[in-house]
Amino acid sequence: MTAFKTLDDIGDVTGKRVLVRVDLNVPMIDGAVSDATRIQAAMPTIRELSDKGAIVLLLAHFGRPKGAKNPTQSLSLVMGGVEDVLGHSVMFIPEAVGEGAKAGVAVLAAGDVAVLENTRFYPGEEANDPAFADALAEIGDLYVNDAFSAAHRAHGSTEGIAHRLPAYAGRAMEAELNALDAALGNPAHPVAAVVGGAKVSSKIDVLRNLVGKVDHLIIGGGMANTFLAARGVDVGKSLCEHDLVDTANAIFDAADTAGCTIHLPYDVVVAREFAPNPPTRTVNVHEVAADEMILDVGPAAVEALADVLKNCRTLVWNGPLGAFETPPFDAATVALAKTAAALTREGSLVSVAGGGDTVAALNHAGVAADFTFVSTAGGAFLEWMEGKPLPGVDALRL
Ligand code: ADP
Ligand code: MG
């Protein structure tokens with residue numbers, strides 16, 4: 001289905017040096033890895049290659065050292081976290097290219113795992129300098145990319161190297177690409193998209209791309225206010241980008257042309273102050289007072305949206321429907337997420353979600369594990385939603 005080589009195609013790797021691009025850009029607190037999710041995501045690929053007898057060489061970036069060596073952004077700092085997750089000791093090689101890297105790799109045996117130094121210590125990484133990609137390719141025999149989250153960048157370790165060595169998608173990359181293909185590449189119709197979050201301005205390209213691809217576009221969050229304003233609704237003190245009303249109208253027109261139905265809330269939860277548990281009112285969108293803010297989609301609209309999802313086969317979700325961090329403005333997001341989760345469990349819906357706050361909201365609703373796939377890729381997920389090419393993925397294409 002996917003036009004990529006995967007680890008199923010890699011053949012005999014015994015004693016071969018396999019460069020594996022992973023995401024080790026983990027958060028740290030007091031010198032320790034505070035969330036190992038990204039390390040865990042790379043484990044299936046690392047274990048499979050190690051078990052098959054490869055010499056596994058992990059390539060990654062850490063922070064933004066901007067092409068210069070910086071001890072505070074050395075990958076040596078995450079070695080404890082890598083060893084904890086892998087369950088055994090892992091060698092650190094304090095270079096990513098050159099004689100030092102070669103010497104470090106030369107002492108490794110089949111099945112060993114090592115981490116090479118931060119690729120962004122070298123200016124050629126972010127510049128995608130051919131000489132740097134050549135130098136990386138000299139360290140290994142094969143290349144595996146398991147870092148979808150870095151695939152929106154054409155860097156030496158994500159793009160350049162893939163043209164120089166036999167290149168394969170790792171297991172996490174494969175799972176992500178299959179999920180994204182099922183959501184927007186070759187989805188079962190009808191397809192619904194939920195797009196929420198604070199601002200239209202951060203997601204104009206997402207909305208433009210989606211109207212041409214999905215049957216139902218559900219707009220929630222602060223950005224719905226701009227679309228409501230474009231329809232002549234007075235949104236009071238709500239977050240609203242009045243300068244983007246023309247953009248909103250262009251998206252309405254594009255949706256009309258494409259046969260995509262745009263769903264906006266018709267009831268909303270409003271408050272005079274943005275604080276936990278303030279006095280609220282649930283009103284029709286035409287009844288928002290001049291001193292009130294829309295902070296969540298209302299219950300009647302949520303019920304109608306649940307009916308839309310019941311008739312859809314595929315859902316892609318980015319952005320919360322309300323200011324979900326502040327109770328009670330999490331209600332619509334939680335309710336619709338639970339509906340999507342139940343439909344997914346019943347087998348009637350393929351549900352794919354992504355985005356930093358969206359993942360937090362689905363975890364808050366307790367349903368992330370029920371979705372078909374939840375992407376933690378952040379920027380790469382959004383660029384995919386925008387329909388932009390992902391250089392790290394394109395370089396793996398057959
Ligand atoms: P993601 O990180 O998943 O892409 P965004 O960053 O675009 O999502 O949007 C999330 C933010 O949008 C949250 O902080 C949430 O509080 C905010 N938000 C949602 N609805 C509203 C609203 N009606 N008014 C103000 N902020 C909102
Ligand atoms: Mg966000």
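## A buried lysine without a salt bridge

In this predicted model, K203 is buried and yet takes part in no salt bridge, since the nearest side chain of opposite charge, that of D357, is 7.1 Å away. A salt bridge would need a side-chain nitrogen of the lysine within 4 Å of a carboxyl oxygen, and the distance to D357 is given as 7.1 Å. What the side chain of K203 does make is a polar contact with the side chain of N318, at 2.6 Å.

In the chain, K203 belongs to the loop that runs between strand β9 (191-195) and helix α7 (204-211). Leaving aside residues up to four places away in sequence, K203 touches V195, G196, M223, N318, G319 and L382.

Strand β4 covers residues 55-59, and five of its five residues are buried, so the strand is largely enclosed by the rest of the structure. In a regular strand, side chains alternate between the two faces of the sheet. Both faces of β4 are covered, with I55, L57 and L59 buried on one side and V56 and L58 buried on the other.

On either side of β4 in the strand order lie β6 and β1. Strand β1 (residues 17-21) pairs with β4 in the parallel sense over five bridges; within this pairing, R17 stands opposite I55, and the bridge partner of L19 is L57. Strand β6 (residues 113-116) also pairs with β4 in the parallel sense, over three bridges, and here V56 stands opposite V113.

## The six-stranded sheet

These strands belong to an open sheet of six strands with parallel pairing, in the order β5-β6-β4-β1-β7-β8. The edge strands are β5 (91-93) and β8 (167-169), each of which pairs on one side only. Neighbouring strands of the sheet are turned against each other by 25 degrees on average, when direction is ignored.

## Salt bridges

The count for the model comes to 20 salt bridges. One of them lies in helix α7, where the side chains of R208 and D205 meet with an N to O distance of 3.4 Å; these residues are three apart in the helix, about one turn. D205 has a relative accessibility of 33% and therefore counts as partly exposed.

A corresponding arrangement is found in helix α10 (residues 299-310), which holds both D307 and K310, three residues apart and so about one turn of the helix from each other. The closest N and O atoms of their salt bridge are 3.7 Å apart. D307 is partly exposed because its relative accessibility is 42%, and K310, at 45%, likewise counts as partly exposed.

A further salt bridge joins the side chains of R397 and D394, at 2.8 Å from N to O. R397 is partly exposed at 45% relative accessibility, as is D394 at 32%. Elsewhere, salt bridges that share partners join D8, E48, K52, R171 and E174 into one network.

Conventions
Residues numbered from 1 in each chain as written. Chains lettered and ligands numbered in written order. Predicted model: local features only at pLDDT ≥ 70, side-chain atom pairs only at ≥ 80, totals over all residues. Heavy atoms only, no water. Helix = DSSP H or I, 4+ residues; strand = E, 2+ residues; numbered from the N terminus. Buried < 20%, exposed > 50% of the residue type's maximum accessible area, 1.4 Å probe, protein only. Lys, Arg positive; Asp, Glu negative; His and termini not counted. Polar contact = N/O pair within 3.5 Å; in protein donor to acceptor, adjacent residues only side chain to side chain. Contact = heavy atoms within 4.5 Å. Pairing = 2+ DSSP bridges. Axes fitted to C-alpha atoms, helices over the stretch in contact; angles between N-to-C directions.
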